[in-house]
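Student: Please take a close look at one part of this model, namely the open spaces and the sheets that go with them. Give the cut-offs as you use each term.

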Amino acid sequence: YLTPAEAGAVNGRVYTWRLDDGDDFEIFVGTYSSSGPTISRDTVLVSKVGGTAGTSKLNLSGSAKLSVVPVAQHMMAPYLSSINEGPLGGFRNKLINGDGRINQRVASTIGDDTYGHDRHYALTQTGNITVSTLTAPADGIASMMRLTQANATAQRMGYAQIIEAAETYGLRGRTVTLGGKLRYSSAAPIRFAVLEWTGTADQVTSDVVNSWTSTNYTAGNFFISSNLTVAAVGSITPVANTITNWSITATISSSANNLIVFYWTQNTAAQDATLDMRWYLVEGDATAEDDPFSPRHIQQELALCQRYYFKTYNTHDQPGLPNSVGTLGGRANGTEPWALSWPWRFPVVMRATPTVTTYSPSTGVAGKMRNESTNSDIDAIADRISSSGCILRNSGTITDNNLCIIHAVADAEL
């Protein structure tokens, strides 16, 4: 036989094993550790001891032989070394944009309970923070989100994401693992939590912090008390400026309508302190896995983000600033409202009917479009709005045949 290491076994990975001891045998699921090496006997799938079949563990005589055996579920994908591989591997991660590659708002300085990177919003103790994206911060990591404490006065800060009800219901009664890779500029504790929203589905109170100074991380103390259950809280104190793995598990109750995941600095962070994160939420206990992050193709990630937020602007252009790239445009056919209109179809069906805001491409003023023929802004609105699209149109008078352009943003965030 080859040793597990010679056969390519990966430290911390779960395999199916067979023990043979005389006429008795046992097939079990266990985790391989290269230290020793050792193998845990986690779950017996089947055994036969003294001629009796069942799931009892063997009492080993000292001459038992151990081998790895293929089982039916492993034969489904014999060439994948990790559950994160294959064409659908990335969809294991319930968090969207967990590494911050996408920032359609082009957010930089944001305040408490305000969205930054797509699907992420800041929670701060007293004031603004700045958010940015790090590209290739280390080998094997495409990007990480960075929070920078911008205030002269030290404060606590964090980032959160709400999982919509449609994705939460399937996790009821199941174990989930929240984890990731973080880097903090100080050797100080970082906390993280899995929270259940038990109020009306998809009508979540996003600011979940009741008292930033409380050290009792329960509902009604650190966290708000209404419609919130704390499923799990954990912490880690990393070495300063060192990328560090972390994870916690939680069992989701049958009352959960939404999940909120949240990480934050336990203590106040000094001005210019930085906290970098790439994180995941997966079903099952993945604490023994090397890295369950499950990266998706950037186009898949963008489509998932556009379920919640979409704009006519280029991905890297900030809405509400003068910019004519990507506008819709046309000439008026008459002088009354509806004389100029454009159907705007969203690239994916949005989570709910969005709030649509129009912008003048020339001035960035909301509620306007730009009349290129007169070099002036005129009133504009979105009409017939649905989760699939809307009509952008003038809402005031216009001169026939005038040329106009418009930008718009559709927001269906939780």
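Tutor: Helices (H or I, at least four residues) and strands (E, at least two) are DSSP runs, numbered from the N terminus. The model is predicted, so local features need pLDDT of at least 70 and side-chain atom pairs count only at pLDDT 80 or more, whereas totals for chains, interfaces and linings use all residues. Residues are numbered from 1 along each chain as its sequence is written, and side-chain values use heavy atoms, with hydrogens and water left out.

Start with the second largest pocket. On a 1 Å grid over the protein atoms alone, a pocket is an open set of points with protein on both sides within 12 Å along at least five of seven lines; a cavity is a set where a 1.4 Å probe fits but cannot get out; lining residues have an atom within 4 Å of a point. Points are joined across faces, edges and corners, and a volume is the space filled by probe spheres set on them. The second largest pocket holds about 220 Å³. Its lining has 14 residues, with Asn93, Lys94, Ile96, Glu167 and Leu304 nearest the centre. Strand E12 (157–163) and helix H2 (165–168) each give at least two residues to this lining. By class there are six nonpolar, two polar and six charged residues, where Ala, Val, Leu, Ile, Met, Phe, Trp, Tyr, Cys and Pro are nonpolar, Asp, Glu, Lys and Arg charged, and the others, Gly among them, polar.

Asn93 also belongs to the lining of the largest cavity. That cavity has a volume of about 40 Å³, and the whole structure contains one cavity of 30 Å³ or more. Leu95, Arg101, Phe293 and Glu301 are among its other lining residues. The lining divides into two nonpolar, four polar and four charged residues.

Two strands pair if DSSP finds at least two bridges between them. Six strands form an open antiparallel sheet in the order E8-E9-E12-E17-E14-E15. Antiparallel E8 and E9 (121–124) are joined by two bridges, and threonine 114 stands opposite alanine 122.

Serine 206 sits in the loop between E14 (190–197) and E15 (228–236). Serine 206 counts as buried because its relative accessible area is 16%; buried means under 20%, exposed over 50% and partly exposed in between, for a 1.4 Å probe and protein chains only. Leaving out residues up to four places away in sequence, serine 206 touches Asp113, Tyr121, Leu123 and Ile162, contact being heavy atoms within 4.5 Å. Its side chain makes a polar contact of 2.7 Å with the side chain of aspartate 113. A polar contact is a pair of N or O atoms within 3.5 Å; within protein, one must be able to donate a hydrogen and the other to accept it, and residues adjacent in sequence count only if both atoms are side-chain atoms.

Another open antiparallel sheet of six strands runs E7-E10-E11-E18-E13-E16. E7 (109–110) and E16 (244–251) stand at its edges with a single partner each, so one side of each has no neighbour in the sheet. Nine of the ten residues of E18 (274–283) are buried. Leucine 147 stands opposite leucine 275, and arginine 183 has aspartate 276 as bridge partner.
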